[in-house]
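This briefing sets out selected features of the structure displayed below.

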Amino acid sequence: MSPLLRTAVRRALASQPLATAYHGRANGFGALRLAFALAVVLSHTAALGFGRPLLHRVDLGALAVAGFFTISGFLVVGSAQRNSVPRFLWHRALRIWPGLWVCLLFTGLVVAPLLYLDRHGTLDGLWRSPGGVLDYLRLNWWGGLRQFGIADLLRGDTPYWHWQGGNTINGSLWTLAYEIYCYLAVAVLAALTVLRRQLRWVTLLAVVAVFGVLCWNHVQPGTAVWTSGAVGPLPMLGALEKTYLLWYGFMFLAGGAAELYRDRLPINDLLGVLALGTVGWLAGRGDFVGPGPNVVDGAFFAPGLLAYAYAVLWLAVRLPRMLHRVGRDNDYSYGVYIYSFVVQQVLAKLGLPALGVAGFFLFSALLSLGLAMLSWHLVEKPALRGKDWTPPALREPSGDPPGPDGPDARAVPGRAADAEPDPAAAPAAG
């Protein structure tokens, strides 16, 4: 065996804990988030531009969202360990709501009037009528999607309407309710001190329990557990489908458990390649198509979720260094996600699918990226500057400077004090 091959084999078989392999801001999470956001755009290209699925054997958009939830679980649990519960919730609110609110206002006060005026020649009936702009803003303001359309906009005018009968103007927003639900669950665990090293086994036990339910539903679809019906409606968030809570909640839990056990989770190149190969093989077979009604008849292979979660974390620490800069200072993934659906619906109405699948995807992706850049620099990034704000009534005089030694510091085994990749990690999107 040549020395070069021997070195390659030795490296493939070598393992190191995730805590050692993961170097603070030097990681591929930003690149992966942007890739997942663009994968969602690509998946929606076929649905919104051509009224058909992109692929018949795999749901690319659902897999991209699952990857988002894995990353979010890892970063958000880490944030909860480092901050007090109120500070953690404040960070989550700053990261998800300002960008969402401006997107909703842009949709309701700019896009909707233009489309309504084009259809009716007047704005009468757009604002206060049932299902109008004010209802759209009120019902969707806190996350999720409780009103899908605005008035009769896009009705009968888009390929998506002719395929699904959907008048949805921004369907991407529905996953935000599940993301916020996961944030609240983490806050409860943090308040109960379950995220501490001594009690982290509770989270691992939850991962095992949910995974057991998923596997049972796969092998015994006739007696599937927790796949029909919804939880709620919950205050502000509305009703959450149990199937999606199982799928995305498990991926979030898996990412969170990886953060809690980062000192013991091995990062191994051979395991990483095998995990990627497993996901690709299952996708090619059509056994890994995402959550939804098909879950109950074996449409995805539950053990593949573990392989997928490991593959995402492995890629985050093994992607080339040149990709570590993506999203490190300017994270456009959230903006791409929340704006791309409405962009593609409008472009579809204007006849842009005539450019073909590739042309429609590129045009809509570039336009969505432009809006995402504006959202980040004008809304999201300025909002994040307030992450250290404290109400005057709660401020305590202290000579201690803020930072790792301040009152909000939390000791996290295996983590350097400057290892935070994003002070208010980007929300999952899909």
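Helix H13 is largely enclosed by the rest of the structure, because 15 of its 17 residues are buried. The model is predicted, and every value given here is computed from it.

**Helix H13**
- H13 covers residues 333-349, and its end C-alpha atoms are 25 Å apart.
- That distance agrees with the 24 Å that 17 residues should span at 1.5 Å a residue.
- Just after H13, Gly-351 adopts a positive phi of about 90°.

**Salt bridges**
- The count of salt bridges comes to 12.
- One of them pairs Arg-95 with Asp-331, whose closest N and O atoms are 3.7 Å apart.
- This pair links distant parts of the chain, 236 residues apart: Arg-95 belongs to helix H5, while Asp-331 sits in the loop between helix H12 (303-318) and H13.
- Both partners are buried: the relative accessible area is 1% for Arg-95 and 3% for Asp-331, where the cut-off for buried is under 20%.
- Another salt bridge brings together the side chains of Asp-263 and Arg-200, at 3.0 Å from N to O.
- Asp-263 lies in the loop between helix H10 (242-260) and strand E4 (266-268) and Arg-200 in helix H9 (residues 200-219), so this pair ties together parts that are 63 residues apart in sequence.
- Here Asp-263 is partly exposed, with a relative accessible area of 23%, whereas Arg-200 counts as buried at 7%.
- Asp-388 is exposed, its relative accessible area being 54%.

**Nonpolar surface patch**
- A nonpolar patch on the surface, with about 660 Å² of accessible area together, is formed by Leu-105, Leu-109, Val-110, Leu-114, Leu-117, Leu-123, Trp-127 and Leu-134.
- Helix H5 (residues 85-120) supplies the largest share of the patch, five residues.
- Leu-109 is found in H5 and counts as partly exposed, at 46% relative accessibility.

**Hairpin of E2 and E3**
- Strands E2 (residues 230-234) and E3 (residues 238-241) run antiparallel and are joined by three bridges.
- Ala-230 has Glu-241 in E3 as its bridge partner.
- Three residues lie between the strands of this hairpin, in which Met-236 takes a positive phi near 70°.

Methods. Residues numbered from 1 in each chain as written. Predicted model: local features only at pLDDT ≥ 70, side-chain atom pairs only at ≥ 80, totals over all residues. Heavy atoms only, no water. Pairing = 2+ DSSP bridges. Helix = DSSP H or I, 4+ residues; strand = E, 2+ residues; numbered from the N terminus. Patch = residues over 30% accessible without salt bridge, like charges linked within 9 Å, V, L, I, M, F, W, Y side chains within 5 Å. Areas by Shrake-Rupley, 256 points an atom, 1.4 Å probe, with all protein chains shown as cover. Salt bridge = Lys/Arg side-chain N within 4 Å of Asp/Glu carboxyl O. Buried < 20%, exposed > 50% of the residue type's maximum accessible area, 1.4 Å probe, protein only. Expected span 1.5 Å × (residues − 1).
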